[in-house]
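Please look through the sequence and the model shown here before reading on. The paragraphs that follow move along the chain and then turn to the packing of its helices.

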Amino acid sequence: MKLTAPLLALVATSTLSLCVSAQAQETSARAAWHAQIGHGYQQLAARTDQLAQKADAYCASPSDAGLVQVKEAWSNAFAAWQAVRFVDFGPIEQNTRAWKFQFWPDPKNLTASKASYWLKPERESVTAADLARDSVAIQGFPAVEYLLFDKQVVESERALPAERSCRLLGAISHNLENNATELSADWTQLQERYLQGADYDNGTLTAAMHALEILADWRIAAPLGARGTGKPNPYLADAWRSGESLIMIKASLQGLAEYFVPGLNALMAENDALPLAEQFSAQLNKTLAHFDTLPTDITPLLQSDEGLASLNALLADVRATGQLLTGPIASELSVVRGFNSSDGD
């Protein structure tokens, strides 16, 4: 089955061209990165606003078509988050913001536990402000996904448009909107310091390195069974409830192409290393091409030898993409990497 994501909230990438352009060569790396990441954060703010609006409209006048629109808005907004997920520095570091967008991994299923707690009838107030004071497990995209897709909800009396489920859906959606709007504004405020601070070259590069490692080791290898117990486990993937785990992985890679590659091209041009930039772009393009023949979710691929082989091929190309950054590109730019949580003990 061909992977299709018509609702993916990113700039159109059907004819991705990741080669170095003349414009990229004439733009400083930090200027390109700040502008592109800023655009990504604006997209996130806009898509979460649309999610909140669709949730409000659906709960005010429920219909099957309205529920489909909420699900589409959730997919768009979550994909917009995946596209900027690689940025692990700056305003996203403040007040556990990243986890407020996506509490993951969640091996204890705290998202479901928290949602069940907030759906109890004795909870009189369920607002965005209430949720902002509670655990990150109830504040982000996985909590909305639980209400929209989890069988324990959709096959019960709590299924939308049940009153309490609607109130919780609206509260989480508006909380996401508030956080995304503030994040975008704070990134804009960072501009002067970002452009003047040479350390942001290193920070942005290592952020992309870490993101590719996490994508390979935790978002593909872990559900594939290539690490940990050695047994395939689809519940370790992102977006397993909605069946969009591979859509969201693709969105992360497209985010690197859209928001990271232009700055990398500029930096490599400054260092007379354009062939390495072109090699990275070609490898990223090759990795993205896998999704043309994959389903939207990782689960069916874990059930056959052919599916496992296709996932292993995707994993190999993601690793190869990351190794170009951590190897020859890092060496060329004298990048000093710090510790990150995916490195292990």
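Proline 161 is found in the loop between helix 8 (151-154) and helix 9, where helices (H or I, at least four residues) and strands (E, at least two) are DSSP runs, numbered from the N terminus. Another cis peptide bond runs from tryptophan 104 to proline 105, with omega near 0°, and proline 105 sits in the loop between helix 4 (97-101) and helix 5 (110-118). A further backbone feature is found at threonine 96, whose phi is near 50°, a positive value in a residue other than glycine; threonine 96 has its place in the loop between helix 3 and helix 4.

These details should be read with the origin of the coordinates in mind. Residues are numbered from 1 along each chain as its sequence is written, and side-chain values use heavy atoms, with hydrogens and water left out. The model is a predicted one, in which local features need pLDDT of at least 70 and side-chain atom pairs count only at pLDDT 80 or more, while totals for chains, interfaces and linings use all residues. The average pLDDT of the chain (the predictor's confidence in each residue, from 0 to 100) is 90, and 90% of the residues score at least 70. Over residues 1-26, however, pLDDT stays under 50, and for this stretch the model has 59 contacts (heavy atoms within 4.5 Å) beyond four places in sequence. Residues 339-345 also stay under 50 in pLDDT, with 13 contacts beyond four places in sequence.

Turning to the packing, two packed helices are described by the angle between their axes and the distance between the axes. Here the axes are lines fitted to C-alpha atoms, for helices over the stretch in contact, and angles run from 0 to 180 degrees between N-to-C directions. The axes of helix 2 (residues 29-60) and helix 9 (residues 163-189) come within 8 Å and cross at roughly 160°. That makes helix 2 roughly antiparallel to helix 9, given that angles under 35 degrees count as roughly parallel, over 145 as roughly antiparallel, 65 to 115 as roughly perpendicular and the rest as oblique. The crossing of helix 2 and helix 9 is left-handed, a crossing being left-handed if the near helix is turned anticlockwise from the far one by less than a right angle, and right-handed if clockwise. Sorted by class, the contact of helix 2 with helix 9 has 16 nonpolar, ten polar and three charged residues; Ala, Val, Leu, Ile, Met, Phe, Trp, Tyr, Cys and Pro count as nonpolar, Asp, Glu, Lys and Arg as charged, and the others, Gly among them, as polar.

Helix 2 also packs against helix 3: their axes come within 8 Å and cross at roughly 160°, and the two helices are therefore roughly antiparallel to each other. Their crossing is left-handed. Residues of helix 2 including Tyr41, Leu44, Leu51 and Tyr58 meet residues of helix 3 including Leu67, Val70, Trp74 and Trp81. By class, this contact of helix 2 with helix 3 has 13 nonpolar, seven polar and two charged residues.

Towards the other end of the chain, the axes of helix 12 (residues 245-270) and helix 14 (residues 305-333) come within 14 Å and cross at roughly 20°, and helix 12 and helix 14 are therefore roughly parallel to each other. The contact is made by residues including Phe260 and Leu264 of helix 12 and Leu325 and Ile329 of helix 14. Ten nonpolar, no polar and one charged residues make up the contact of helix 12 with helix 14.
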